[in-house]
Amino acid sequence: MNHSFDVLILGGGAAGLMCAIEAGKRGRRVAVLEYADRLGKKILISGGGRCNFTNIHCQPENFISANPHFAKSALARYTPADFIALVEKHRIPYHEKMLGQLFCDRSARDILQMLEEECREARVEIFVSKKIVEVSRDTEFVVRTATAAFRAPALVVATGGLSIPKIGATAFGYDLARQFGLKIREPRPGLVPLVFAAEDRERYCDLSGVSFDVDAAANGQHFREKMLITHRGLSGPAILQISSYWEKPDAISIDIAPDSSVTGAFIEPIVQRNLPALRAEMRKIFPARFGERWLELHAPEGWTNPALAKFEKELHDWNVIPAGTEGFEKAEVTTGGVDTDELSAKTMESRKVPGLFFTGEVVDVTGQLGGFNFQWAWASGAAAGRAV
């Protein structure tokens, strides 16, 4: 069976659906081909099922790319306010959780239903459970499945990255880019828990579940948020954030007592300098189990000012050299992807292959934690949808 359209979009996630809506509103005949048995699986599981759909403080600085300027055009032309207006048009209740992060009050399903309704209004045709066996180009792009061929002069690749393979993530988008001669920057897991090396695992992993505020730094970036000790290493928002910037075999510097001085009280002459006194100060700042363990492993070498200064310094510069990450299985996003040098920043169109577009996570633009990756999906999807 042969189908003919103006635009074919591969991938029914956030970027693909936004692209379809914008193209359909312009009168284009649009088909979305989705590999899974339903649209938007990643939307549904995001934000703990509440979908952190944007961040009101979104800036280009919240994104990682080999070209830090690439995302500016799309982000400026489709802003958080634009997406919020769409959410409010559909009367979806939402709230700001913290740091500008917006979540649905009820369920991520509200966002997916909104996008599906917008697609229906724009007369977008949706095809699910479509495994693509071949993509070629003659006078048009031809996408073949086992039972049908789809043709169109414009092809948009919105197939996502490698993160969370259990919901269908594959390397298809990268393979397609290579097929048409586009360069790829190595995909790596981003926003991902880190795994301790053997020695640190032995020291700390029995504290699994302990969480507290830290400032984690690597590669010129730092994040002040919660850290969580896991049965394999470190997680929590601060660690997920810094993981996108960390490169093996570098160390991560963790200030485990930001804005605090554990030994500051010892300057007072009336305060005794001994282990019970230090333990009492530690308990004011840390969860009891972590404070005890830190004292076991990092007890001061004495009670002189230099010894206490050294102990204090270690609290603010805990150097951890991770063995690695939890991989794409636990990563929220993929860093790297289709090289932005290959694409127009305004339209997401390939510079080499007219009519071929890449949008969303498959591109080498990755947001920080907190709704930024969705905003990139909406913005880059809209940019392509207004150009196809």
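**Cavity, pocket and selected secondary structure**

The largest cavity is lined by Pro60, Phe63, Ser65, Asn67, Pro68, Phe70, Ala71 and Val365. The structure described here is a predicted model. Within the largest cavity lies about 40 Å³ of space, and the count of cavities of 30 Å³ or more comes to one. By class, six residues of the lining of the largest cavity are nonpolar and two are polar, with no charged residues.

The second largest pocket holds about 270 Å³ of space. Its lining consists of 13 residues, of which Ile64, Arg188, Ser244, Glu247 and Thr335 are the closest to the pocket centre. Two elements, strand 13 (184-190) and strand 21 (333-338), each give two or more residues to this lining. Strand 13 supplies the largest share, three residues. In the lining of the second largest pocket, five residues are polar, five are charged and three are nonpolar.

Strand pairing was examined next. Strand 9 (residues 132-137) pairs with strand 10 (residues 141-145) in the antiparallel sense, over five bridges. These two strands form a hairpin, with three residues between them. Opposite Arg137 stands Phe141 in strand 10.

Seven strands make up an open sheet in the order 19-18-15-16-17-14-20, with antiparallel pairing. Strand 19 (318-320) and strand 20 (324-325) stand at the edges and have a single partner strand each, so one side of each is left without a neighbour in the sheet. Inside this order, strand 14 (residues 194-195) and strand 17 (residues 233-235) run antiparallel and are joined by two bridges. The bridge partner of Leu194 in strand 17 is Leu234.

Helix 11 (residues 305-316) comprises twelve residues. From its first C-alpha to its last, helix 11 reaches 17 Å, close to the 16 Å expected at 1.5 Å a residue. Ala307, Leu308, Phe311, Glu312 and Leu315 are the buried residues of helix 11. Seen down the helix axis, the buried residues fall within an arc of 135°, so they line one face of helix 11. An α-helix has 3.6 residues a turn, so residues three or four places apart point the same way. On the other side of helix 11, Asn305, Pro306 and Lys313 are exposed.

Conventions:
Residues are numbered from 1 along each chain as its sequence is written. This is a predicted model: local features need pLDDT of at least 70, side-chain atom pairs count only at pLDDT 80 or more; totals for chains, interfaces and linings use all residues. Side-chain values use heavy atoms; hydrogens and water are left out. On a 1 Å grid over the protein atoms alone, a cavity is a set of points where a 1.4 Å probe fits but cannot get out, and a pocket is an open set with protein on both sides within 12 Å along at least five of seven lines; lining residues have an atom within 4 Å of a point. Grid points are joined across faces, edges and corners, and a volume is the space filled by probe spheres set on the points. Ala, Val, Leu, Ile, Met, Phe, Trp, Tyr, Cys and Pro count as nonpolar, Asp, Glu, Lys and Arg as charged, and the others, Gly among them, as polar. Two strands pair if DSSP finds at least two bridges between them. Helices (H or I, at least four residues) and strands (E, at least two) are DSSP runs, numbered from the N terminus. The expected span of a helix is 1.5 Å times one less than its number of residues. Buried means under 20% relative accessible area, exposed over 50%, partly exposed in between (1.4 Å probe, protein chains only). The arc is that of the directions from the helix axis to the C-beta atoms.
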